[in-house]
Amino acid sequence: MELRVLQYFLAAAREENITKAAALLHITQPTLSRQLMQMEEELGVKLFRRGKHNILLTEEGMLLRRRAQEIVDLAEKAAKELKHEEETVSGEISIGCGETRNMKPLSRMLASFRKKYPNVSFHIYTAIADDVKEHLENGVLDMGLLLEPVEISRYQYIRMPLKEKWQVLMRRDCPLAEKQKIVPEDLAGVPLIVARRRSVRNEFENWFGYGKEKLHIVSTCNLSHYNQSIMVESGIGVAIVMEFSCNQDILCLRPLEPEIESGCVLVWKKNLTLSPTMQRFIEHVKESIAEMGKGM
């Protein structure tokens, strides 16, 4: 299967219209239709449901779109790396990140690195740790900023400077808002919005310690403090979140007692041949964190 044909497929999937996709690709509509039908014959599956005015992906088509996008992204990334000139630090570094306060120091490191090497660009992909690790394994991402607990035996890593503290996000008119700290028995039977990641939920359930049957989980979320805030504002429940700046007119945060703290690591695959740009960036991160340690 040619890379060019995968790009045709992605354009058709995005536009949901053969004519529009062909125009964007600067080819004729019959040519695009023929290429897509040949792809279906080669794979032995139907990729599109064809209507009078549009086309929609089948389940097999949706699976292929995900893999095709990864392949196209890898090809583009490889092309950029091969164009790298020895005397110039350039190219793109792709980093997968969860929602964490450590994005602030990492962002400063990105800015200071680009100040030294303006021909370097960064692609930031926001997702939970499990998704980031999958993209690291596929080679789509170079690095991942992962919130612990997380399995990192397959990776080289740098420990980030900030600890994340888990807190309870609630409405100000919630009875729990009168408390300075939230202990496990306070949450027995309370509608809870918790993290989807199994390892994070295990951490919280171990802290709770009263038995899972007393936990009243009404929703799970993978990411987005914004979405969790909206759900709490709407009265769905209280959310177990990392400390962040919320709308203090309506919402408030209360710390857990005893505390739950999570570390954060910046990882990349072991036994991977690093580009000169990646090598310099890793050294830059290490030096930046060392400097931050001196100031503490």
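How many aromatic pairs does the count come to?

1. The model is predicted. In it, the count comes to six aromatic pairs. One of the pairs is formed by Phe 113 and Phe 122: the ring centres are 6.3 Å apart and the planes stand at 70 degrees, so the pair is edge-to-face, given that angles over 60 degrees are classed in this way. A pair of aromatic rings is described by the distance of the centres and the angle of the planes.

2. Both members of this pair are buried. Phe 113 has a relative accessible area of 1%, and Phe 122 has a relative accessible area of 19%. The limit for a buried residue is under 20%, so Phe 122 is counted as buried at its 19%.

3. Phe 122 also pairs with Phe 281. The centres of these two rings are 5.3 Å apart and the planes are at 55 degrees, so this pair is tilted. Phe 122 belongs to strand β4 (residues 120-126) and Phe 281 to helix α9 (residues 276-294), so the pair ties together parts that are 159 residues apart in sequence. Phe 281 is buried, as is Phe 122. Through ring pairs, Phe 113, Tyr 117, Phe 122 and Phe 281 are linked into a cluster.

4. Two strands pair with β10. Strand β8 (residues 191-195) pairs with β10 in the parallel sense, over two bridges; here the bridge partner of Ile 193 is Ala 239.

5. Which strands make up the open sheet of five, and in what order? The order is β4-β3-β5-β13-β6, and the pairing is mixed. Strands β4 and β6 (155-159) stand at the edges with a single partner strand each, so one side of each is left without a neighbour in the sheet. From one strand to the next, the twist averages 25 degrees.

6. Within this sheet, strand β5 (residues 143-147) and strand β13 (residues 264-269) run antiparallel and are joined by four bridges. Leu 147 has Cys 264 of β13 as its bridge partner. Helix α6 (residues 129-138) packs on the sheet and touches β3 (91-97), β4, β5, β6 and β13. The direction of α6 makes about 160 degrees with that of β5.

7. Helix α9, to which Phe 281 belongs, lies across β3, β4, β5, β6 and β13. Its course is at about 30 degrees to β6.

8. The largest pocket holds about 280 Å³ of space. It is lined by 15 residues, of which Gln 69, Asp 73, His 123, His 135 and Val 140 are the closest to its centre. Helix α4 (59-82) and strands β3 and β4 each supply at least two residues of the lining. Helix α4 gives the most to the lining, with eight residues.

9. Is Thr 19 buried or exposed? Thr 19, which is found in helix α2 (residues 18-25), is exposed, with a relative accessible area of 51%. The limit for an exposed residue is over 50%. Although Thr 19 and Gln 29 are ten residues apart along the chain, their C-alpha atoms are separated by 5.5 Å.

10. Glu 243 lies in the loop between β10 and β11 (251-255). Its relative accessibility is 33%, so Glu 243 counts as partly exposed. Glu 243 and Gln 167 are 76 residues apart in sequence, yet 6.0 Å apart in space from C-alpha to C-alpha. Leaving aside residues up to four places away in sequence, Glu 243 touches Arg 101, Lys 165 and Gln 167.

Terms used. Residues are numbered from 1 along each chain as its sequence is written. This is a predicted model: local features need pLDDT of at least 70, side-chain atom pairs count only at pLDDT 80 or more; totals for chains, interfaces and linings use all residues. Side-chain values use heavy atoms; hydrogens and water are left out. Rings of Phe, Tyr and Trp (its six-membered ring) pair if their centres lie within 6.5 Å; planes under 30 degrees apart count as stacked, over 60 as edge-to-face and the rest as tilted. Buried means under 20% relative accessible area, exposed over 50%, partly exposed in between (1.4 Å probe, protein chains only). Two strands pair if DSSP finds at least two bridges between them. Axes are lines fitted to C-alpha atoms, for helices over the stretch in contact, and angles run from 0 to 180 degrees between N-to-C directions. Contact means heavy atoms within 4.5 Å. On a 1 Å grid over the protein atoms alone, a cavity is a set of points where a 1.4 Å probe fits but cannot get out, and a pocket is an open set with protein on both sides within 12 Å along at least five of seven lines; lining residues have an atom within 4 Å of a point. Grid points are joined across faces, edges and corners, and a volume is the space filled by probe spheres set on the points.
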